[in-house]
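Here is a briefing on a two-chain model. Please look over the sequence and the structure first. The notes follow by topic.

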Amino acid sequence: MTAMLGKVLIVEDEPRIRRFVRDALGREGCETFEAGNVGDGLELAGAQHPDMIVLDLGLPDQSGLELIRNLRTWSSIPILILSARIAEQDKVTALDAGADDYLTKPFGVAELLARVRALLRRRQQESRPSPIRRFGDVEVDLSRRVVQRDGADIRLTPLEYSLLATLLANDGKVLTHRQLLREVWGDGYAGQSHYLKVYIGRLRQKLEPNPTQPQFLLTETGVGYRFQS
Amino acid sequence: MLIALPFRDSVDIANIDMLFLLAVFVSAVWLGRGPAVMAVFLSVALFDFFFVPPYLSFAVADAQYLITFAVMLTVGLLTSHLVSLLAERTEQAQESEIQTRLLHALGRDLGVAMNVEQVGTIAAAFLDEFELNCILLTHSKSGLLPVGDTSLPVLETGFAQSACDRNAVIEVDTLAGAGRMIAFLPMAVSDRVLGVLAIGPRQPNAGRIRELRPLLEAAAAQIALIVEHLAQADAIRKSELQANEERLRTSILAALSHDMRTPLTSLVGLADTLAQQKSPSGQIVTETATEIRDQALAMHHILSNLLEMARLQANDMRLNKEWQPIDEVIGSSIRLLASALSGHALEIRIPPGLPLVNFDAVLIERVICNLLENAIKYSTPGTPIRLDVELQPHRLEVAVANRGSGFPAGSCDSVFDLFVRGEPESATGGTGIGLAICQAIIAGHNGQIVAENIPDGACVRFSLPLGTPPTLAEESAS
C-alpha cells in the first residue's frame, strides 16, 4: 500500500457504487468513510475531518445540495459530485453552491481516481502556496503578474490576466460561467456569458499549443471551465 | 251612459255631463287612446240625442248647448290624450322593469355558466322571453363558429362574419320571418370582437328587434364579458394542464434515467475494479472485465440517446441558447470522444475570425459528437475523419466527412428518420437514433442538416443561422 493519500468521505445511497468507489480509493491509498444519506454524511464530515467528499446528488433523505450548503458554512474541503449527464443545471447548481468538481455517471475507476487525486493535490498545494505555475510551455508568475511562453513574454489584457489567474487559483476545480463572470467582470455581467467565451478563446490562442483542442483551459459544456495542469 | 236615461228629469244635466266625462276617462284608462277618442265623440252625440232637448233628436233647441258640446269635446279629448299617455308611460315603465329584471337574471345565469355551450343555452332562454330566437357564434382560430350543436345557413353566417369584422350591428329586415336570423350583434370586449349574437324573431316582425335593440346590445355586452372570462379561464386551465403534463413527463424521464443509470454505473465501476485487479488468472479476467465494462458503457450510450430523444420530444425543445464561438464545442466534442477517435487522424479546418453563433452548447455538442461517432463507426479503419467549418451567407456550416462505403444509395434522406440506419443489416452497432436526434436539435435551432455521399465516403453537414451577435465592449489597452 502506498503512502496515505488522504481521508475521503463517500456519501452515496447505492451500496454497489459505494463499494467500487471505496475499493478504488482504498487501493489508491485513501482512508474511506461511507454514508448513505445527508444526515450521516454531515455527521461523519464533522467527526472524521475528511480531506475530501465524494457526493451523490440524489440521496434518500435530502438532496446532496443540502449537504454542500451546510458543509460550506463551516468547511472548505473539496467536494466531488457524482451526477447524471442529463442534468447540466443540477451540476451548475451544485457547483455554484460550492462543489468543486463533478463526475458524470457512469464513470470508470481511472476517471474517478484522476479527479480525486487532482482535488487532494490542490488541497495540499493550498497549504504550500507558490506564485509560480507551469503548464505546457507556459509559466505564470502570479506575484509579478508575468506570463511567459517558451521564455518569451506574452501580453495579456487585464481581463485576460484576471481570468487566467482565477482559473489557475482554482486548479482542477470547475468554475461555472456565473462564478467566472462575477469574479472577473463583476456582478453586472451575470447574463453576458459571451464575454467569457470570447476571452477564453483569446487565452487559448495565446497559451494553448492547439487552441481548438485545448489541453489546459478546458470547456465543461453547459457548465463552465476548468484549468487542468 | 244610457243608464242615466231614467234620471233624465231628476238629475241636473250638468251632472249627466260629468258622467259622460267619467265614461271617457274610464275608457281612456282601460281601452287606450283610440277607443277613448271614439267615446268622446259618441258621448257628445248621445248627450245631444238623449239629454238635450228636443230629446231623441240631434237638433239643438238652445244654442248655449253648443258651448257645452264644445267644452265636452275638448275636455274629453284632452282627458283621453293625457290618460292614455299616462297609461302608455306606465306600460313602458313596466316593460322596462321587466327587461331590467330579465337582464339582471341573465347576468346571474351567465355568472354560473361553465362553458360557452351553456352561455349559448342561457342566451337562448333569455331571448325566448321576447319571442326571439338566437344563435351564439364565437370567434376562434378556425373562424366564426356556432356554439354547441346549432348551425347557421351560409347567408346568415356571411352577415355574422361582416358584423364581426366591422364590429358593428347588422340588421337585415328583409329576412324577417321564416325563422331567419335578421340581426347580428358583435360581442366585443374593449374593441376585440369575441363573437356574434345572431337574433331572429319568431313572428315576421322586424320592428320588435329594433324596439328591443338597446336591451339586446346590453345582453350582447354581458355575454361578451362572460365569453371572454371563460376563454381566459380555459387558457389558464390548459396551460396548467400542460405544465402538469410536462412536469410528469420530466419526472418520469428523470426517474427512468436514474433507475437505469444506477445499475449501469455499478456495472461499469465494478467491472473496472475487476479489470484492474492483479490476480494470478490475470489476463483472462482483465479482458473479460474490460469487455463487460465496455458493453455496459455501450448500453449506457444507447440509453442516453433514447432518453435524450424522449426529452427532446417531451420538452418541445427548450433551448438554452447563448452567443458563442463554434470552435469551443468542436473542441469539447473531440475531447469527449478522445478514446474513440484514437484510431483515426482528425483533420479539422476552422477558418479564423468566425462570428459568434447563437446556440445551445450542450445540444450542439451532442450533434457534433453523434456525427463524429457515426463517421468513426462507418469509416474504413485508419482513414482520417474530416471536420470543416465554413462561413456562408447568413449561416455557418459544419461538415463531418469520413472515408468508407458511404450511405446506401437512395437512403440519404431517410437516415434522419427515427430508428432508420444507413445499413440495416450491418454488424455495426447502433439504434438509428443518433441522426434523428441531430435533426431534432438542428431543426430546433432553425438550421438545416443534410446527408450526402462524397467520393469514397459520406458527409453530413449542418448549418446554423447567423444573427447579430451582442457587441463586446473592448478593454482599454493593458
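**The annotated aspartate**

UniProt, in an unreviewed entry, places the feature "modified residue: 4-aspartylphosphate" at D56(A). UniProt positions follow the numbering used here, feature names are shortened, and annotations may be inferred rather than shown by experiment. This is a predicted model: local features need pLDDT of at least 70, side-chain atom pairs count only at pLDDT 80 or more, and totals for chains, interfaces and linings use all residues. Residues are numbered from 1 along each chain as its sequence is written, and chains are lettered from A and ligands numbered from 1 in the order in which they are written.

**Setting of D56(A)**

- D56(A) lies in strand β3 (residues 52-56) of chain A. Helices (H or I, at least four residues) and strands (E, at least two) are DSSP runs, numbered from the N terminus.
- D56(A) is buried, because 23 other C-beta atoms lie within 10 Å. A residue is buried if 20 or more other C-beta atoms lie within 10 Å of its own, exposed if 12 or fewer, and partly exposed in between; C-beta atoms are placed from the backbone.
- Not counting residues up to four places away in sequence, D56(A) touches V11(A), E12(A), D13(A), G64(A) and L82(A). Contact means that two C-beta atoms, placed from the backbone, lie within 7 Å.

**Nonpolar cores**

- The largest nonpolar core has 65 residues. L55(A) and I81(A) have the most contacts inside it.
- Such a core is a set of buried Ala, Val, Leu, Ile, Met, Phe, Trp, Tyr and Cys residues joined through C-beta atoms within 7 Å.
- L55(A) is in contact with V11(A), G64(A), L67(A), I79(A), L80(A), I81(A) and L82(A), leaving aside its neighbours within four places in sequence.
- A second, separate core has 41 residues, including L136(B), L185(B), M187(B) and V196(B).

**Helices with a buried side**

- Helix α3 (residues 64-72) of chain A buries G64(A), L65(A), L67(A), I68(A) and L71(A). Seen down the axis of α3(A), these fall within an arc of 160 degrees, so they line one face of the helix. The arc is that of the directions from the helix axis to the C-beta atoms.
- Helix α1 (residues 13-31) of chain B has 19 residues, which should span 27 Å at 1.5 Å a residue. Its end C-alpha atoms are 26 Å apart, which agrees. The expected span is 1.5 Å times one less than the number of residues.
- In α1(B), the buried residues are F20(B), A23(B), V24(B), S27(B) and A28(B). They cover an arc of only 135 degrees around the axis, which puts them on the same side of α1(B).
- These buried residues pack against α2 (33-51) and α3 (64-111) of chain B.
- Exposed residues A14(B), N15(B), M18(B) and W30(B) sit on the face of α1(B) turned away from its buried side.

**Strand pairing in chain A**

- Strands β6-β7-β8-β9 of chain A, in that order, form an open sheet of four with antiparallel pairing. Strands pair if DSSP finds at least two bridges between them.
- The edge strands are β6 (132-135) and β9 (152-153) of chain A, each pairing on one side only.
- β7 (residues 138-141) and β8 (residues 146-149) of chain A run antiparallel and are joined by four bridges. D141(A) has V146(A) in β8(A) as its bridge partner.
- β10 (residues 174-176) and β12 (residues 224-227) of chain A pair in the antiparallel sense over three bridges. L175(A) has Y225(A) in β12(A) as its bridge partner.
- β11 (residues 217-220) of chain A runs antiparallel to β12(A), joined by four bridges. T219(A) stands opposite Y225(A).
- β11(A) and β12(A) form a hairpin with three residues between them. In the turn, G222(A) has a positive phi of about 75 degrees.

**Contact between the chains**

- The contact takes 41 residues from chain B and 33 residues from chain A.
- On the side of chain B that touches chain A, α6(B) gives the most, with twelve residues.

**Backbone points to check**

- The peptide bond from K105(A) to P106(A) is cis, with omega near -5 degrees. P106(A) is in the loop between β5 (101-105) and α5 (109-127) of chain A.
- D150(A) is not a glycine, yet has a positive phi of about 55 degrees. Its place is in the loop between β8 and β9 of chain A.
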